[in-house]
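Reader: I'd like to learn how to read strands and aromatic rings in a model. Could you walk me through an example?

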Amino acid sequence: GDHGFDPKRAVTEAIKLITLYKVEGVFANFTPTARAVAPIAYSHEILFVYTAAALSPAASNPQAFKSYLDYVSGCEAVARYWQARGLRQIGILKPEAEYGDLCADGLKRAYPDTTERSYRIGEELGTQVAFMKAHGITALMNASYERDLLNLLHELSRLDYAPALGLEASALTAAPGAAELRHLSRAVTFGMPDL
């Protein structure tokens, strides 16, 4: 079944697979669709495997298994790297999504006083970046998607602000412009190993 990135359609497809085709397990990808399908799989007592950043589908379903990045440990590893280099003023631009909260949780294991600013995915980041600059943040985490990374790099260049960056590796898919590229020289990433 094709969920088309739509949680309602994912539920419909999962029910069809389970009731019509009598499958004994369901796989889903991406957080919104995985979260929608998890209770369906649970109520039918079948195996549920998903690839997404979210932990909630596995937490709510003992027959669910997660396969994807661990944002808590990945962001904590970046924070520990920064700690080893003596960086003290840490901030996170936190997407309003479960993976943003998970990343913040990981950072706070190393830096309990992490400065946070939230944003909606795809939103311009000028206000949040200006806040971080004004508060002397020397290392900035933004574990989000490519578009948000490009927005961040643009604002860093516009504001002439160059903190160390923490990023999720798969966001580095598009080539930024020359002005933005310099901001990646101190970037640290976490992610999946290359296949």
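Reader: In which sense do strand 2 and strand 3 pair?

Author: In this predicted model, strand 2 and strand 3 (residues 64-66) pair in the parallel sense, over 3 bridges. Within that pairing, Val49 has Phe65 in strand 3 as its bridge partner.

Reader: Which residues of strand 2 lie on the covered face?

Author: Here is the general idea: side chains in a regular strand alternate between the two faces of the sheet. In strand 2 (residues 47-51), Phe48 and Tyr50 make up the covered face, while Leu47, Val49 and Thr51 make up the uncovered one. Phe48 is buried because its relative accessible area is 0%, under the 20% cut-off. Tyr50 is also buried, at 0%.

Reader: And how do I read a pair of rings?

Author: An aromatic pair is described by the distance of the ring centres and the angle of the planes. The whole structure holds 5 aromatic pairs. One of them, Phe48 with Tyr50, is stacked, at 5.6 Å centre to centre and 15° between the planes. Another, Tyr71 with Tyr99, is tilted, with 5.4 Å between centres and 50° between planes. This pair links distant parts of the chain, 28 residues apart: Tyr71 lies in helix 4 (residues 71-84) and Tyr99 in helix 5 (residues 98-110).

Reader: Which residues do ring pairs link into a cluster?

Author: The cluster consists of Tyr71, Tyr99, Tyr145 and Phe190.

Methods:
Residues are numbered from 1 along each chain as its sequence is written. This is a predicted model: local features need pLDDT of at least 70, side-chain atom pairs count only at pLDDT 80 or more; totals for chains, interfaces and linings use all residues. Side-chain values use heavy atoms; hydrogens and water are left out. Buried means under 20% relative accessible area, exposed over 50%, partly exposed in between (1.4 Å probe, protein chains only). Helices (H or I, at least four residues) and strands (E, at least two) are DSSP runs, numbered from the N terminus. Two strands pair if DSSP finds at least two bridges between them. Rings of Phe, Tyr and Trp (its six-membered ring) pair if their centres lie within 6.5 Å; planes under 30 degrees apart count as stacked, over 60 as edge-to-face and the rest as tilted.
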